[in-house]
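Have the viewer handy as you read.

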Amino acid sequence: SDALDLDFSDLNLYHLNISKAGNDCLDVSGGNYYINKLTVDSCADKGVSIGEKSKLTLREAKVESSNIGFSVKDLSVFSAKKINSSRLNTCLESFQKKQEFGGGKINIDILECDSGVIIDKNSVATYKNQ
């Protein structure tokens with residue numbers, strides 16, 4: 001029930017807008033992805049799921065009304081200039097899910113979010129505005 005599932009690709013997207021997904025709004029794995037502007041809302045699980053050695057770079061993102069805003073796992077790297085999120089149970093999470101991988105890495109310049117962050121011992125997260 002993911003709205004958009006991208007695997008093993010190298011993609012540059014200008015503007016992506018996803019609403020009302022039965023599971024994750026955007027799921028990427030095993031590739032390199034750049035998104036200039038991302039807007040997702042009403043995702044039953046994750047706004048954005050990043051896994052299995054993926055690299056996702058965002059310039060600007062807005063995530064609303066979802067369980068988890070961004071989930072970064074299994075040696076994936078997530079970078080963003082600005083994230084604005086609201087009405088989430090968890091803003092960001094990063095962890096090692098599969099034994100053959102490691103944790104995730106998050107680097108965000110500006111993070112505006114009204115919920116918590118969960119980072120496991122194998123992962124790293126930095127926010128320049130905090």
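The S-S torsion of Cys 91 and Cys 113 is about 135°, so this disulfide is right-handed. Cys 91 sits in strand E7 (residues 77-95) and Cys 113 in strand E8 (residues 105-113), so the bridge ties together parts that are 22 residues apart in sequence. Strands here are DSSP runs (E) of at least two residues, numbered from the N terminus.

A word on provenance: this is a predicted model, where local features need pLDDT of at least 70 and side-chain atom pairs count only at pLDDT 80 or more, while totals for chains, interfaces and linings use all residues. Residues are numbered from 1 along each chain as its sequence is written, and side-chain values use heavy atoms, with hydrogens and water left out.

With a disulfide taken as a pair of cysteine sulfur atoms within 2.5 Å, the count comes to 2. Here they are:

| Pair | Sulfur-sulfur distance |
|---|---|
| Cys 25 and Cys 43 | 2.0 Å |
| Cys 91 and Cys 113 | 2.4 Å |

How about the Cys 25 and Cys 43 bridge? Its S-S torsion is about -100°, so that disulfide is left-handed. The pair links distant parts of the chain, 18 residues apart: Cys 25 is in the loop between strand E2 (10-21) and strand E3 (26-29), and Cys 43 is in strand E4 (residues 32-43).

On to burial, by relative accessible area with a 1.4 Å probe and protein chains only: buried is under 20%, exposed over 50%, partly exposed in between. Cys 25 and Cys 43 are both buried. Cys 91 counts as buried at 1% relative accessibility, whereas Cys 113, at 26%, counts as partly exposed.

Counting bonded cysteines along the chain, the pattern is 1-2, 3-4.

Definitions and conventions:
Helix = DSSP H or I, 4+ residues; strand = E, 2+ residues; numbered from the N terminus.
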